[in-house]
Amino acid sequence: MKTLDFKNSVYDLVHAYPDVRDVLADLGFKDITNPMMLNTFGKKMTIPKGAKVKGIDMNAVIAKFNENGFAVINAFPSKESMERQAEIKSLLKRLHDGESMESVQAEFKQKFSDVSSREIAEAEQGLILEGVNPREVQKLCDVHSVMFHGAIREEEEAPELKDIKGHPLYIMWKENDAIEALAKEIRKVELVPENVDHLKDLLKKMKGLKQHYGKKEELYFRKLEKYGISGPTTVMWGVDDEIYANISGMERTVNAENISSLSDKLNKTLDRLEEMIFKEENILFPMAAENFTDEEWAEVYHDMDEMGYCLITDVPRWENAPEWHNPNEISSSETIIHMPTGSFNAAQLEGILRTMPMDITFVDDQDIVRFFTNGKERIFPRPMSALGKELWGCHSPKTVPMIRKLISDFREHKRTSYERIINKENFLVLVRYYAIYDPDGKYLGTLETSQNLFPYKKELSR
């Protein structure tokens, strides 16, 4: 009987035993039949990780391989690994139950000399799977990172991508350096009336966090979900939203009368911001380095310009970036699209949609993002990597329930449209959602349009 070590990658197992491909395909790992997927994701993915992502029972996987003449080893975590995981989770649970940071951290240091980024992520995810509300985990997100200060070890298999000039992780690290420097500058401001304008300017500058957090959420979180990592990223997204909302709110409302009362809120927000930097650099980025394929890094790199940059202007290029091919490029501009009221070729249609003074996004009846325009007047950035992915990954966790309810209403014909206006300083946008049905009333998907009304704000207010 041939022996399969499930610690090895899918790629290595298939190349050692080609029959493994057929067994995995029968189990539901359909992507394994695609050579490109095998040569990219397969090099990072193990069978246990893949089974977890697809929700396939590992006992069924082992039984299937046994039937086909394979003996399986290392299908489950070792006893030592499971005990470590249970202990870390128990310590975090005690924090959530109200025990003091000092006592829990002291016990952690007694029992552990180090801990990996994956162990922390799995412990947080384990709490959520056991029923702890993600919002409760979110509240103690900063406390978690404080507890592990000085104990997180670098993964030996994770390359130092942050040192490669122009690499996406290099850019994210540079942005964090700039964010930290600006946070220190803000802390130095004396909170007296004559410094209102200076503080306001610095807080306005710090709102560049939107670009940093946007890249993290759109380009990193979505991809990590493929590797079964979702709980920690959901928590991190919620904390991002809170930090940005606090910075934005203080910038909008600070004045000579209230500046002296901002000390506590300002310092707590900056503390959370700095803890988020620690968590990114010691947990999130190492997990990305450990899991992402060259193809995925190329996709992240391609999308970074669209998402924008935070507090850095001189953005170096990644000279040896892997080549990325846009799977959605027009294969032939001569393809004619016939409609009831006329026709045009694919290039003409693309030009029309790109020229329209609004953003358009289409989500199909399976809640998959199928299309968006990317013209000169783009209001909300959309990475190319969003195409072909579920709609929910495009929205922060706190807005997902509202979007789910809207889509459900569209499916059931409870309503056919919805609109909202985002009215902020220097920003006025009309966002509309339309249910799309075929002539028989079958739901085909949802169309979202976003139109910038700010140039007409004065006329609209008359």
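The model is predicted, so local features need pLDDT of at least 70 and side-chain atom pairs count only at pLDDT 80 or more, whereas totals for chains, interfaces and linings use all residues. Residues are numbered from 1 along each chain as its sequence is written, and side-chain values use heavy atoms, with hydrogens and water left out.

Leu311 lies in the loop between helix 17 and strand 3, where helices (H or I, at least four residues) and strands (E, at least two) are DSSP runs, numbered from the N terminus. The phi angle of Leu311 is near 65°, a positive value in a residue other than glycine. Asn74 also has a positive phi, near 55°, and is likewise a residue other than glycine. Asn74 is placed in the loop between strand 2 (70-73) and helix 7, and with 34% relative accessibility it counts as partly exposed.

The loop that holds Leu311 also contains Arg317, which forms a salt bridge with Asp305, the closest N and O atoms being 3.4 Å apart. A salt bridge here is a side-chain nitrogen of Lys or Arg within 4 Å of a carboxyl oxygen of Asp or Glu. This pair links distant parts of the chain: Arg317 is in the loop between helix 17 (294-307) and strand 3 (336-339), while Asp305 is in helix 17, 12 residues apart. Both partners are partly exposed, Arg317 with a relative accessible area of 42% and Asp305 with 44%.

By the same rule, the count comes to 26 salt bridges. One of them joins Glu87 and Lys111, with the closest N and O atoms 2.9 Å apart. In another salt bridge, the side chains of Arg415 and Asp409 meet at 3.1 Å, N to O. Here Arg415 is partly exposed, with a relative accessible area of 30%, whereas Asp409 is buried, at 5%. Returning to Glu87 and Lys111, salt bridges that share partners join these two residues with Arg94, Glu99 and Glu107 into one network.

The axes of helix 12 (residues 168-187) and helix 13 (residues 196-206) come within 10 Å and cross at roughly 160°. Axes are lines fitted to C-alpha atoms, for helices over the stretch in contact, and angles run from 0 to 180 degrees between N-to-C directions. Helix 12 is therefore roughly antiparallel to helix 13; angles under 35 degrees count as roughly parallel, over 145 as roughly antiparallel, 65 to 115 as roughly perpendicular and the rest as oblique. From helix 12, Ile179, Leu182, Ala183, Glu185 and Ile186 meet His198, Leu199, Leu202, Leu203, Lys205 and Met206 of helix 13, contact meaning heavy atoms within 4.5 Å. The residues of this contact divide into 8 nonpolar, 1 polar and 2 charged. In this division, Ala, Val, Leu, Ile, Met, Phe, Trp, Tyr, Cys and Pro count as nonpolar, Asp, Glu, Lys and Arg as charged, and the others, Gly among them, as polar.

In the second example, helix 9 (residues 117-129) and helix 16 (residues 263-291) pack at an angle of about 100°, with their axes 9 Å apart. Helix 9 is thus roughly perpendicular to helix 16. The contact of helix 9 with helix 16 comprises 5 nonpolar, 3 polar and 4 charged residues.

Two buried positions complete the description. Val61 is found in helix 6 (residues 58-67) and is buried, with a relative accessible area of 0%. Not counting residues up to four places away in sequence, Val61 touches Phe6, Leu27, Ile47, Ala51 and Ile56. The C-alpha atoms of Val61 and Ile47 are separated by 8.7 Å, and the two residues are 14 residues apart along the chain. Ser385 is located in the loop between strand 6 (369-372) and helix 19 (400-411) and counts as buried at 1% relative accessibility. With residues up to four places away in sequence not counted, Ser385 touches Glu218, Leu219, Arg222, Lys223, Glu299 and Asp303.

How values were computed:
Buried means under 20% relative accessible area, exposed over 50%, partly exposed in between (1.4 Å probe, protein chains only).
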